[in-house]
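Here is a short briefing to read alongside the model. Please have the sequence and the 3D view open as you go.

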Amino acid sequence: MAQEQTQHATTVDPVTGKTVILKDGKPCRTCMDMKTWSRLTKSAKKSKTSQKDEQPQPTSDTKTESTSSTLVTAKTAAGLTAAASVLTSASGPNDCPVDSEQLGQATWTFLHTMAAYYPERPSPSQMESMRTFLSTFSQFYPCWYCADAFREDMEINPPQVASRRKLSQWLCERHNVVNVRLGKGVFDCAKVDERWRDGPADGRCD
């Protein structure tokens, strides 16, 4: 898996200086945060625009007409940009496709909650269904290199599906592996039921 990842093209985020892995030569929206994705896509568009600007210039008569047209186009673009800015601020980020942070949070919420309500004593068919689900999930998760890493982890640490408790602990440990890789804090896996099923003892979630 790791060898496969090194074959993909990379680029550098101009702001953070971090290396970003590309998918088919393009930034992957679901593999990075929205700000990084936006910077990289805008940078790519500017690069294409610069290449067009380097083409031979027109003659004087044509140039005058072209300049006038460019000014009109620029004004129109500026107006559209301003309008889009107003609409974006009014509608909020919920109208945008999710980035890696939003996707990850939603996915882990789903997985942990699913494990919290998994049967205490699952039948053989339920255990097999859970194994199949996790395997399929790891193939189609939108962040492709996140999916690769999850499959690698599952090969070393196979899903524990014999009980609700074991599955919850297994997913918590897998989540902590990701947290460490991203430089985040780890979660106390002794509190999975409190977090995802029962709620805190003070009753604030009741």
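Contact here means heavy atoms within 4.5 Å of each other. Helices (H or I, at least four residues) and strands (E, at least two) are DSSP runs, numbered from the N terminus. This is a predicted model, in which local features need pLDDT of at least 70 and side-chain atom pairs count only at pLDDT 80 or more, while totals for chains, interfaces and linings use all residues. Residues are numbered from 1 along each chain as its sequence is written, and side-chain values use heavy atoms, leaving out hydrogens and water.

**Helix α4**
- The 17 residues of α4 should span 24 Å at 1.5 Å a residue, and its end C-alpha atoms agree, being 24 Å apart; the expected span is 1.5 Å times one less than the number of residues.
- Its buried residues are L103, G104, T107, W108, L111, H112, M114, A115 and A116, where buried means under 20% relative accessible area, exposed over 50% and partly exposed in between (1.4 Å probe, protein chains only).
- These buried residues of α4 pack against α5, α6, α7 and α8 (192-198).

**Where α4 meets α5**
- Helix α4 (residues 100-116) and helix α5 (residues 124-140) pack at about 170 degrees, with their axes 13 Å apart; axes are lines fitted to C-alpha atoms, for helices over the stretch in contact, and angles run from 0 to 180 degrees between N-to-C directions.
- From α4, T107, F110, L111 and M114 meet M130, F133 and F137 of α5.

**Helix α5**
- From first C-alpha to last, the 17 residues of α5 reach 25 Å, close to the 24 Å expected at 1.5 Å a residue.
- M127, M130, L134, F137 and S138 are the buried residues of α5.
- Seen down the axis of α5, the buried residues fall within an arc of 95 degrees, so they line one face of the helix; the arc is that of the directions from the helix axis to the C-beta atoms.
- P124 and F140 are exposed on the other side of α5.
- Cover for the buried residues of α5 includes α4, α6 (144-156) and α7.

**A buried arginine**
- R174 sits in helix α7 (residues 164-181) and is buried, at 7% relative accessible area.
- Leaving aside neighbours within four places in sequence, R174 is in contact with W108, F150, D153 and N157.
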